[in-house]
Structure formats: C-alpha cells, structure tokens
Amino acid sequence: HLTPPTSYIPWRTLFETQQQNPFRSKSTVGWYPLGSMFNHSCSPNCLWYLIGDYLFIYVCASNIRCGDELTISYCPLWISSLNERTSQLRQFGITSCRCLLCSYDRSNMPQYENELKIFSNLRALSRQKNLSRSKRFNYLKKLKEIYEFIKKKFRQRSIGFINEFVDLENLSHYFQHKCDENNHDDIDEIEIETFLNEQESSF
C-alpha cells in the first residue's frame, strides 16, 4: 500500500555524471549484457556513466525497497522538453514513455512546452554575435524570468529544469568574461554586477 519511491538526484551529481555519458558520441560502441537488462525511465533511480571501456551503474535514490525495479535513462536527463525526449526515445522503440516525469509533463501541456519554446528562442537570440551589451543583458534577464516562472509553476516536477538552469549559468558566465569590445553602450554596470552575483550565488 506504499506509494512508489520517487527519485531524488542531487543536481551536482547528476550534472557531473551526465557530462561523462557519451550520448552525442558516434564512436562509442559496446555490449554490456547486464547493463542492457535495465529498463528506461526519464526519472530513473540509477545513473550510469563510462570510464574507458567500463560501464558503471549506481543506485542514486535512497528510498528503494527490496523488489523495486532499478531503472536508468536512455536519453540525457537534462532534456526538459517532453517532445524532444519522446523523439530521442523512438530510436529505442519507446513510442510513449509512461514514467512519472513524462506523465507529469504530459498533464501540463501545452503551457509547459510553450514556455520551453520561448526560452529556447530567446536563448538563440542571446547568442547572436555583435549584440550590444544592453541587448544581450536584456535577453539574459528575460531568460532568468522565464526560468524562475517555470521553476515555480512546475515545482512538483521530479527533476528540475537542468538544461535551462545550465544554459542560464553559461550565458551569465559568457556575459561576465567575454564582453563585446565594440558594443559598450550606456548601461547600468551596477545592475549587471548585482545580477551576475545573484546568478553565481544561485549556482
């Protein structure tokens, strides 16, 4: 009569582990008989990574009971978009994932996907070359607003918006350390410094 355990994955552990997973690599080929027995979940209770030719899978949820199924993710855990995850999972023959995360995301469409699309479009605009410092900073502030909105609106989501969080951090870092030399327009530097300090503290 107990409810199924929910995964709690520390962000730092998730971020560092997923960076080692060769999802985007075309050169890594291997056959792992035991690893291939794990079923998929977008909200898994185990994480996997490779070191050389060795596959490591470890339990990351602390409330797993005897008899509970151990699962891993077949796609990167930082993908927030349900549509994008579904597209990636089709290559494994999974047409509709029914894990807790996908069920939650599906129940909150279309607003959920719309907000992620707005974030993605603004992110592309903020990466344009030769933007003035003020325009790039305005894009950065808008991205921050959208991130804070979806984080609050969908706070019951079992995995946070990791991709958007990391993108926001990377853009802040870029803005801080690689300013456009020829585009120093009138802008409040104190406001920028305050914003970036807040971002650094949140990360």
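One term before we start: a contact here means heavy atoms within 4.5 Å. Also, keep in mind that this is a predicted model.

Find D167, in helix α6. Which residues is D167 in contact with, leaving aside its neighbours within four places in sequence? They are F119, R123 and R127. Now, is D167 buried or exposed? The cut-off for buried is under 20% relative accessible area. D167 has 8%, so it is buried.

Now step back to the whole chain. The protein has seven helices and four strands. Read along the sequence, the pattern is α-β-β-β-β-α-α-α-α-α-α. Of the 203 residues, 40% count as buried. Take the contacts with a separation of 6 or more: 72% of them join residues 24 or more positions apart. The accessible surface comes to about 12,900 Å². Carbon and sulfur atoms own 51% of that surface.

On to the inside. In soluble globular proteins, nonpolar side chains tend to be buried together. Here, the largest nonpolar core has 38 residues. Which of them have the most contacts inside it? C42, L140 and F161. Several helices give two or more residues to this core: α2, α3, α4, α5, α6 and α7. The largest share comes from α5, with seven residues. The core draws at least three residues from domain 1, residues 11-78, and at least three from domain 2, residues 109-199.

Next, the rings. The count comes to five aromatic pairs. Start with Y74 and F92. Their ring centres are 5.3 Å apart, and their planes meet at 65°. Why is this pair called edge-to-face? Planes over 60 degrees apart count as edge-to-face, and 65° passes that cut-off. Y74 is in the loop between β4 and α2, while F92 is in the loop between α2 and α3, 18 residues apart. Y74 is partly exposed, at 23% relative accessibility. F92 is partly exposed too, at 42%.

Compare Y147 and F165. Their centres are 5.9 Å apart, with 45° between the planes, and this pair is tilted. Y147 lies in helix α5 and F165 in helix α6, so the pair ties together parts that are 18 residues apart in sequence. Both Y147 and F165 are buried.

Last stop: F161. We met F161 in the largest core, as one of the residues with the most contacts there. Ring pairs also link F161 with Y112 and F154 into a cluster. And look at what sits over the ring of F161: the charged end of R157, 4.8 Å from the ring centre.

Another is C42, among the residues with the most contacts in the largest core. Over to you for questions.

Key: Residues are numbered from 1 along each chain as its sequence is written. This is a predicted model: local features need pLDDT of at least 70, side-chain atom pairs count only at pLDDT 80 or more; totals for chains, interfaces and linings use all residues. Side-chain values use heavy atoms; hydrogens and water are left out. A nonpolar core is a set of buried Ala, Val, Leu, Ile, Met, Phe, Trp, Tyr and Cys residues joined through side-chain atoms within 4.5 Å. Buried means under 20% relative accessible area, exposed over 50%, partly exposed in between (1.4 Å probe, protein chains only). Domain bounds come from an automatic or database domain assignment. Rings of Phe, Tyr and Trp (its six-membered ring) pair if their centres lie within 6.5 Å; planes under 30 degrees apart count as stacked, over 60 as edge-to-face and the rest as tilted. A charge sits over a ring if NZ of Lys or CZ of Arg is within 6 Å of the ring centre and within 35 degrees of the ring normal. Accessible areas come from the Shrake-Rupley method with a 1.4 Å probe; for residues, only the protein chains shown count as cover.
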